[in-house]
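Good morning, and thank you for coming.

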Amino acid sequence: MTPQLTPAEHIRLWNDFRNGSQDAFSQLYELFSADLYRYGYNLIRNRQLVEDCLHELFLHIHENRTRLGPTDNIRFYLFRALRRRLLDTVGRLNKLDSDEYLFDNAEFLIQPYEQTLVEEQLIEQQKLLVIAQLNKLPKRQKEILYLVFMKGLSYQQAAEVMDITMKSVYNTVNVALTTLRAYVRTSFEQGGALWSLPGSILIYFVKILLG
């Protein structure tokens, strides 16, 4: 799990890197490369392309560190840079239709550290159900939920990463949660479960699953 740095820690690490600290660069790679790879692979299902773009991204920021701007959220900065690089590369290669590949079949995997958060069997069953329904959402809705709930980006940052308006982000999140709530309620009813799922509970599960 990527440690949750405070804004002050983000600023300090990023500034150390921009000032030429090799240790800071190593920390950036250790802290964010796995997270970036997972995000990139959810965008483009091509391991080699994602690995190449990720390598190029770190090489680029290393070589151009003195010209990089400040940030208090390195994840946001790198997610946006990787997304642009991936889509640019796909466009140049003209091998894939990026619109068709974005977040197709993305999986919201539960990591071991997340499993420890939920112990009771009932909650575990509900988690699995919500995961299954999450993966049925349209790719854009999944990507926004992933960025906002799982990666902790603000709505504004998610809008900038995806190059869409704030209004689109708000609308898409609202539609995604409404759709997810309907999916889950239907699944519960089909399964004969007696559970109800108020909106607050749904958001609770989404935060656990994606947080």
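This is a predicted model: local features need pLDDT of at least 70, side-chain atom pairs count only at pLDDT 80 or more; totals for chains, interfaces and linings use all residues.

Thr179 touches Leu137 and Gln141 when residues up to four places away in sequence are not counted; contact here means heavy atoms within 4.5 Å. Residues are numbered from 1 along each chain as its sequence is written, and side-chain values use heavy atoms, with hydrogens and water left out.

Thr179 and Leu137 are separated by 42 residues in sequence, and their C-alpha atoms are 7.8 Å apart in space. Thr179 itself belongs to helix H10, residues 166–190. Helices are DSSP runs of H or I with at least four residues, strands are runs of E with at least two, and both are numbered from the N terminus. The Thr179 side chain also reaches the backbone oxygen of Val175, at 2.7 Å.

Let us turn to Arg80. This residue sits in helix H4, residues 74–93. Is Arg80 buried or exposed? Arg80 is buried, because its relative accessible area is 18%; buried means under 20%, exposed over 50%, and partly exposed in between, with a 1.4 Å probe and protein chains only. Leaving aside neighbours within four places in sequence, Arg80 is in contact with Glu160 and Val161. With Glu160 there is a polar contact between the two side chains, at 3.1 Å. A polar contact is a pair of N or O atoms within 3.5 Å; within protein, one must be able to donate a hydrogen and the other to accept it, and residues adjacent in sequence count only if both atoms are side-chain atoms.

Next comes Thr71, in the loop between helix H3 (47–63) and H4. Thr71 is buried as well, with a relative accessible area of 12%. Its side chain reaches the backbone nitrogen of Asn73 at 3.1 Å. Beyond residues up to four places away in sequence, Thr71 touches His10, Ile11, Trp14 and Tyr77.

Finally, the helix pair. The crossing of H2 and H8 is right-handed, a term used when the near helix is turned clockwise from the far one by less than a right angle, left-handed being anticlockwise. The contact is formed by Asp35, Arg38, Tyr39, Asn42 and Leu43 of H2 with Glu143, Tyr146, Leu147 and Met150 of H8.
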